[in-house]
Amino acid sequence: MVWLSLDNNLRADRLFAAGDYTAARELYRRAGNEKRASVCDEMLLENRYLDARRVLQNGNYAKARELLEALGDYKDSENLVLSCEAMEAAELARTGEPERALELYGGRAILNSASFEHGEERAGKVFALAAKHGAAVIALAIDEEGMARDTAKKAAIAERTVAFAARFGLAARDILFDALTFTVTSGDEGLRTAARDTLEAIRRIKRAHPDLLTVLGLSNVSFGASPPARKVLNAVFLARAVDAGLDACIVNTANLLALPAVPDGMRRAAERLIDCAADDGKALTDFLSLFTDESAKALLEGREEGGGEVPAEE
């Protein structure tokens, strides 16, 4: 599953600003086909040009319907799903904008997101809303104690989420569980096993609940590294995550390096870093040392013999 987001695409921004929603939908449709996208993430409630949140608050349902029908046409949706930001539960209960959006949208939406950070009451509001409107929910590996870092805690929150969602009539297949990953390139000793823990958590979760979908914000794993290093680590981590059972990831596909384009030495160094092969931090220093000279940067920023082609930035 590919998560398509054109929120930072200048052409899409211009179309939205001009109110040309039909052309905007066509842009999403073409991009979705080219990138085999399954989810259209429009950040509905916070888009800086559409300001759909204000439109809904003002009761301008005709304009909101025009937008939603343009992005998720009832007859020609190309299987794209609308992803809506679910605001904090207190705001959700007070204003109801997410529910109004769900009432207007003709396809199946994904509510992003629910967690137990503030207890079960807030999470329950999101799950109840999803059950009422046939939406799916992104659930995060966060509970009252904070974000889960180790494998056992991530798996335990996934188990709790499945059981809790069932109380609202939602099945495991209605949930996209984000086991969360943290950067392994910051030098923080407490995060050295972050990538490995996430991969093992995904394996455990999929073994326990094969129908539960898993999702990750892929680039978090490389936060803080240089762009060339991030491209390599993201590519290797994605391949490992898919092998572990990852179903979907949020990623800029225009900036994603194909695994065959990663030189063997860089791939092996990235795998050692992911596996935390050296607990003294040497795996990180060895990996980062590969990206200090201009030849390594050139290999990843263009075409080099044996290196393959790297997609250009949008």
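**Helix packing and buried residues**

User: To each other, are α7 and α8 parallel or oblique?

Analyst: In this predicted model, the axes of helix α7 (residues 120–133) and helix α8 (residues 151–166) come within 10 Å and cross at roughly 60 degrees. Angles under 35 degrees count as roughly parallel and those from 65 to 115 as roughly perpendicular. The relation of α7 to α8 is therefore oblique.

User: What is the handedness of the crossing of α7 and α8, and how many nonpolar residues does their contact have?

Analyst: The crossing of α7 and α8 is right-handed. On the α7 side the contact is made by E120, A123, G124 and F127, and on the α8 side by R160, T161, F164 and A165. By class, this contact has two charged residues and two polar ones, while the number of nonpolar residues is four.

User: How are α9 and α10 oriented to each other?

Analyst: Helix α9 (residues 194–208) and α10 pack with their axes 8 Å apart, at an angle of about 25 degrees. Angles under 35 degrees count as roughly parallel. The orientation of α9 and α10 is therefore roughly parallel.

User: Which residues of α10 meet α9?

Analyst: The crossing of α9 and α10 is right-handed. From α9, the residues that take part are A195, T198, L199, I202, R203 and K206. Their partners in α10 are F237, R240, A241 and A244.

User: How many charged residues are there in the contact of α9 with α10?

Analyst: R203 and K206 in α9 and R240 in α10 are among the residues that meet. The contact divides into six nonpolar residues and one polar residue, and the charged residues number three.

User: Is R240 buried or exposed?

Analyst: R240 lies in helix α10 (residues 227–244). Leaving out residues up to four places away in sequence, R240 touches L199, E271, I274 and D275. The relative accessible area of R240 is 19%, and the limit for a buried residue is under 20%. R240 therefore counts as buried.

User: What is the relative accessibility of A229?

Analyst: A229 also has its place in helix α10. Apart from residues up to four places away in sequence, A229 touches F287, L288 and F291. A229 counts as buried, because its relative accessibility is 0%.

User: In which strand is A136 found, and why does A136 count as buried?

Analyst: The strand that holds A136 is β5 (residues 136–140). Beyond its neighbours within four places in sequence, A136 is in contact with R108, A109, I110, L111, A130, D174 and L176. A136 counts as buried because its relative accessibility is 6%.

Note on methods. Residues are numbered from 1 along each chain as its sequence is written. This is a predicted model: local features need pLDDT of at least 70, side-chain atom pairs count only at pLDDT 80 or more; totals for chains, interfaces and linings use all residues. Side-chain values use heavy atoms; hydrogens and water are left out. Helices (H or I, at least four residues) and strands (E, at least two) are DSSP runs, numbered from the N terminus. Buried means under 20% relative accessible area, exposed over 50%, partly exposed in between (1.4 Å probe, protein chains only). Contact means heavy atoms within 4.5 Å. Axes are lines fitted to C-alpha atoms, for helices over the stretch in contact, and angles run from 0 to 180 degrees between N-to-C directions. Angles under 35 degrees count as roughly parallel, over 145 as roughly antiparallel, 65 to 115 as roughly perpendicular and the rest as oblique. A crossing is left-handed if the near helix is turned anticlockwise from the far one by less than a right angle, and right-handed if clockwise. Ala, Val, Leu, Ile, Met, Phe, Trp, Tyr, Cys and Pro count as nonpolar, Asp, Glu, Lys and Arg as charged, and the others, Gly among them, as polar.
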